[in-house]
Amino acid sequence: PALFSTIVVALVMAGVGAALLERFGWAVDLQAPELEVRVQLNQEELLVSLTALVQPLGARGCYLAHPGLHPAIAWVLARCLNIEEQDTVLDPMCGRGVLLCEAALNWPHAGAFIGCDLDPDQLRLAAENVANLARGSTSSAHALQLLRADAAKLGGLPLAKGSVDKVLTDLPFGKQFGSLDTNRSLYPAVLAELARVLRTGGLAAVLTSQSNRATMREALAGQAGRPSSWKVEHLRSFRLFVKMDACIYLLRRVEVEGGLDGGERGGKTKMGGLSGPFGWEDGSSWHEQWAKHRPALVPFGSASKERLEPMKSSCADLCSVSFLPWVVGCFRCREQIKWECAECRCC
């Protein structure tokens with residue numbers, strides 16, 4: 001049945017394209033269309049419609065050339081952090097950059113947004129999403145920076161100790177990336193590195209699945225007799241993608257015993273704190289709260305061409321996304337290059 005459905009969809013697409021070309025002379029352009037024709041086919045009817053209005057380029061979710069986590073969920077994680085002016089916000093495992101793009105779009109006055117990932121292919125997709133965001137906003141993407149770095153290694157992030165104010169990240173659930181077993185070593189390693197770069201008193205919003213609850217509990221606990229660097233402020237469970245139980249951990253970085261900051265002393269982390277809805281929730285769904293501040297719709301042709309136009313980036317264009325003065329990896333070939341490079345040696 002799945003193969004049959006795929007064949008039927010392909011035949012319908014080809015038939016609609018051929019009919020439009022014959023009747024109106026409209027060539028099919030899947031990259032930068034001026035008009036979108038939607039066809040819905042079931043056992044009873046064939047429905048053909050035209051998309052008249054869309055969200056403008058740069059609006060919430062409309063910059064995504066490469067979707068990942070739903071932007072509404074990304075907005076929720078950023079909303080938990082109470083991002084303030086001049087804050088440095090980090091996603092240590094940014095993937096396609098959706099979390100940072102949503103945060104930059106909604107809190108453009110923060111000092112800097114930094115995304116790190118070890119996978120150059122993911123960074124390339126993130127760079128395209130950032131570029132799309134920049135096309136539709138004059139203030140949201142200028143302070144968004146991407147770096148190739150390993151958040152699972154102590155010192156793997158090219159950031160000084162205590163240099164970050166807020167952290168938001170979507171940890172691997174162990175399904176699409178890694179496994180539940182590998183998360184048992186990954187989670188403690190990532191949290192240890194985040195404790196290094198996040199300032200005392202800083203906040204971290206961490207998303208994972210309920211299947212990793214025991215792993216998260218162990219990762220937050222003090223290891224090898226050392227006190228924990230984390231205090232659980234809030235625990236928010238919810239259903240993700242209708243079929244998966246997920247949880248947002250809102251964590252505060254606390255001073256460990258023997259520290260010099262004079263803050264709250266760390267100890268064994270208790271999975272306490274508040275639970276249930278966050279204080280800022282108004283009773284409506286997250287998607288409704290996220291969508292409340294969307295701009296007015298615009299005609300499809302006025303926004304879609306720019307939104308869907310494919311990027312034609314050179315190695316220098318992609319390298320220039322990472323403009324902090326650190327050594328990073330070329331997105332195309334993994335060659336180690338300096339941030340000011342025009343081209344790396346091999347491509």
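Of the 347 residues in the chain, buried residues make up 46%, a figure that, like every value below, is computed from a predicted model. The chain holds nine helices and 14 strands, and residues 24 or more positions apart account for 72% of the contacts with a separation of 6 or more.

Eight strands form an open sheet of mixed pairing, in the order S6-S5-S4-S7-S8-S10-S9-S11. Its edge strands are S6 and strand S11 (274-275), each of which pairs on one side only. The pairing that S11 does make is with S9, in the parallel sense and over two bridges; there, histidine 234 has leucine 274 of S11 as its bridge partner. Further along the order, S7 and S8 run parallel and are joined by six bridges, with valine 164 having leucine 198 in S8 as its bridge partner. Because nine of the twelve residues of S8 are buried, this strand is largely enclosed by the rest of the structure.

Helix H5 (residues 180-197) lies across strand S4 (88-91), S7, S8, S9 and S10, and runs at about 155 degrees to S8. Is leucine 77 buried or exposed? At 0% relative accessibility it counts as buried, because the limit for that class is under 20%. Leaving out residues up to four places away in sequence, leucine 77 touches Leu99, Leu168, Thr169, Ala205, Leu207 and Ile248. Among these contacts is Leu207, and although leucine 77 and leucine 207 are 130 residues apart along the chain, their C-alpha atoms are separated by 7.8 Å.

The nonpolar interior can be described next. In soluble globular proteins, nonpolar side chains tend to be buried together. Here the largest nonpolar core has 46 residues, and the members that touch the most other members are Ile83, Phe113 and Leu207. At least two residues of this core are supplied by each of H2, helix H3 (98-106), helix H4 (120-136), strand S6 (144-148), strand S8 (198-209), strand S9 (230-240), strand S10 (244-253) and helix H7 (286-291). The largest share, eight residues, comes from H2. Apart from this core lies another, of 30 residues, including Leu147, Leu159, Val167 and Leu220.

The cysteines raise a separate point. A disulfide is a covalent bond between the sulfur atoms of two cysteines. How many disulfides does the structure count, if the sulfur atoms of a pair must lie within 2.5 Å? The count comes to zero. Cysteine 94 is in no disulfide, the nearest cysteine sulfur being that of cysteine 116, 6.8 Å away, and cysteine 116 is likewise in no disulfide, with the sulfur of cysteine 94 as its nearest. Both residues belong to the interior: cysteine 94 is buried, with a relative accessible area of 7%, and cysteine 116 counts as buried at 0% relative accessibility.

Another pairing of strands involves strand S1 (residues 37-41) and strand S2 (residues 46-50), which pair in the antiparallel sense over five bridges. These two strands form a hairpin with four residues between them, and within it arginine 38 stands opposite serine 49 in S2.

The aromatic residues complete the picture. A pair of aromatic rings is described by the distance of the centres and the angle of the planes. The structure holds four aromatic pairs. One of them, between phenylalanine 24 and tryptophan 26, is stacked, with 4.6 Å centre to centre and 20 degrees between the planes. Phenylalanine 24 counts as partly exposed, at 46% relative accessibility, and tryptophan 26 is partly exposed as well, with a relative accessible area of 39%. Elsewhere in the chain, Trp75, Phe278 and Trp280 form one aromatic cluster.

Conventions
Residues are numbered from 1 along each chain as its sequence is written. This is a predicted model: local features need pLDDT of at least 70, side-chain atom pairs count only at pLDDT 80 or more; totals for chains, interfaces and linings use all residues. Side-chain values use heavy atoms; hydrogens and water are left out. Rings of Phe, Tyr and Trp (its six-membered ring) pair if their centres lie within 6.5 Å; planes under 30 degrees apart count as stacked, over 60 as edge-to-face and the rest as tilted. Buried means under 20% relative accessible area, exposed over 50%, partly exposed in between (1.4 Å probe, protein chains only). Contact means heavy atoms within 4.5 Å. A nonpolar core is a set of buried Ala, Val, Leu, Ile, Met, Phe, Trp, Tyr and Cys residues joined through side-chain atoms within 4.5 Å. Two strands pair if DSSP finds at least two bridges between them. Axes are lines fitted to C-alpha atoms, for helices over the stretch in contact, and angles run from 0 to 180 degrees between N-to-C directions. A disulfide is a pair of cysteine sulfur atoms within 2.5 Å.
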